[in-house]
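Dear colleague,

Please find below the structure that I am handing over to you. My findings follow directly after it.

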Amino acid sequence: MASITPLLFVALLFLALHPTDAQIGVCYGRTGNNLPSEQDVVNLYRSNGISAMRLYDPDQAALNALQGAGINIILDVPNDSLQSLGSNPASAMQWVQTNVVPYASFIRYIAVGNEIHPSDAAASQILPAMQNVLNALKSVNAGGQIKVSTSIDTTLITNSFPPSNGVFSDTSYITPIINFLTSNGSPLLVNVYPYFAYTNNEQSITLNYALFTAPGTVVTDSNNGLQYQNLFDALVDAVYAALSKAGAPNTAIVVSESGWPSDGGDAASVDNAGTYYKNLISHVKQGTPLKNGQAIETYLFEMFDEDTKPGAPTEQHFGLFTPSKQPKYGQLNFS
């Protein structure tokens with residue numbers, strides 16, 4: 001075996017003692033009537049050291065404002081475009097030419113659909129749309145640079161307690177998608193919300209377990225002995241377990257959304273939300289018990305409260321900043 005030079009030994013020791021920092025991004029939802037201009041939003045990202053963004057549709061004003069800003073993005077194919085892109089390769093080619101080619105230098109992932117479930121009408125179009133988008137990227141020599149994936153939520157996982165029991169509930173839907181990801185070296189994008197897991201099961205889940213504030217181990221996985229001090233890790237490791245059972249143990253997870261509302265529902269408060277975001281940012285560099293030391297690229301949901309967003313009242317209160325660009329939780333260390 002070749003000897004290790006002193007310099008290499010120091011580098012390896014540093015990596016062992018200092019896990020890789022996770023890139024922290026912030027989602028930019030725009031369902032509001034009082035939000036700053038796209039250029040002001042990009043400037044706010046830059047002034048706060050936020051170097052990654054999730055953009056839910058190819059808004060040209062936002063994409064143009066991002067030119068030269070040093071911010072990498074997840075760009076979504078909106079759910080209402082899946083039918084067109086999945087059924088017609090020419091539509092996918094046009095979408096890529098218009099929305100990707102001029103901005104390819106800062107697009108990291110394309111999320112083909114968000115939280116589509118097997119029973120949804122668009123479910124059958126996810127995989128064809130992913131393939132058509134990838135083929136279009138390859139035709140413009142961007143197939144290696146930009147990874148194509150889809151964003152799921154954790155309701156697609158069943159038997160998630162303990163985490164090692166996690167399995168996908170509908171393998172006929174998800175397995176071909178996972179095979180696509182593994183074939184192309186793409187991560188699975190996952191929206192992870194301890195808030196909803198907690199509020200849906202408060203009789204079994206404590207608030208401090210959901211907020212990263214539990215003083216010690218809360219759950220010990222009976223199958224492998226791994227210990228869990230927070231719900232975020234348990235949810236992510238349940239997805240890793242499901243991936244392994246689906247034949248993809250090495251597929252990476254990118255947390256494409258995670259947040260806590262500051263109003264509008266049970267346990268939704270400024271104090272709880274601020275605690276969650278601060279602890280999440282500091283935690284994800286450590287990885288999870290199953291993937292210890294493997295930092296998790298994570299996108300906080302979201303930049304602003306969206307005052308016209310439909311759904312439960314909490315949906316309007318996930319913002320890290322007010323529409324007047326003031327931080328809601330003090331100075332978070334995004335970098």
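Ser 151 has Leu 189 of strand β8 as its bridge partner. This bridge belongs to the parallel pairing of strand β5 (residues 147-153) with strand β8 (residues 188-191), which extends over three bridges; strands count as paired if DSSP finds at least two bridges between them. Strands (E, at least two residues) and helices (H or I, at least four) are DSSP runs, numbered from the N terminus.

Please note that this is a predicted model, in which local features need pLDDT of at least 70 and side-chain atom pairs count only at pLDDT 80 or more, while totals for chains, interfaces and linings use all residues. Residues are numbered from 1 along each chain as its sequence is written, and side-chain values use heavy atoms, without hydrogens and water.

The barrel

Eight strands with parallel pairing close into a barrel, in the order β1-β2-β3-β4-β5-β8-β11-β12. On average, neighbouring strands of this sheet are turned by 25° against each other, direction ignored.

Strand β1 (residues 24-28) pairs in parallel with two strands. Three bridges join β1 to strand β2 (residues 52-55), where Cys 27 stands opposite Arg 54. Three bridges also link β1 with strand β12 (residues 298-300), and here Gly 25 faces Tyr 299.

In a regular strand, side chains alternate between the two faces of the sheet. From β1, Ile 24, Val 26 and Tyr 28 point one way, and Gly 25 and Cys 27 the other. Five of the five residues of β1 are buried, that is, under 20% relative accessible area (1.4 Å probe, protein chains only).

Helices α5 and α6

How do helix α5 (residues 89-99) and helix α6 (residues 123-139) pack? Their axes are 8 Å apart, at an angle of about 55°; axes are lines fitted to C-alpha atoms, for helices over the stretch in contact, and angles run from 0 to 180 degrees between N-to-C directions. The two helices are therefore oblique to each other, the class left over after angles under 35 degrees (roughly parallel), over 145 (roughly antiparallel) and 65 to 115 (roughly perpendicular).

Pro 89, Ala 92, Met 93 and Val 96 of α5 make the contact (heavy atoms within 4.5 Å) with Asn 132, Val 133, Ala 136, Leu 137 and Ser 139 of α6. Of these residues, seven are nonpolar, two polar and none charged; Ala, Val, Leu, Ile, Met, Phe, Trp, Tyr, Cys and Pro count as nonpolar, Asp, Glu, Lys and Arg as charged, and the others, Gly among them, as polar.

Yours sincerely

Technical notes: Buried < 20%, exposed > 50% of the residue type's maximum accessible area, 1.4 Å probe, protein only.
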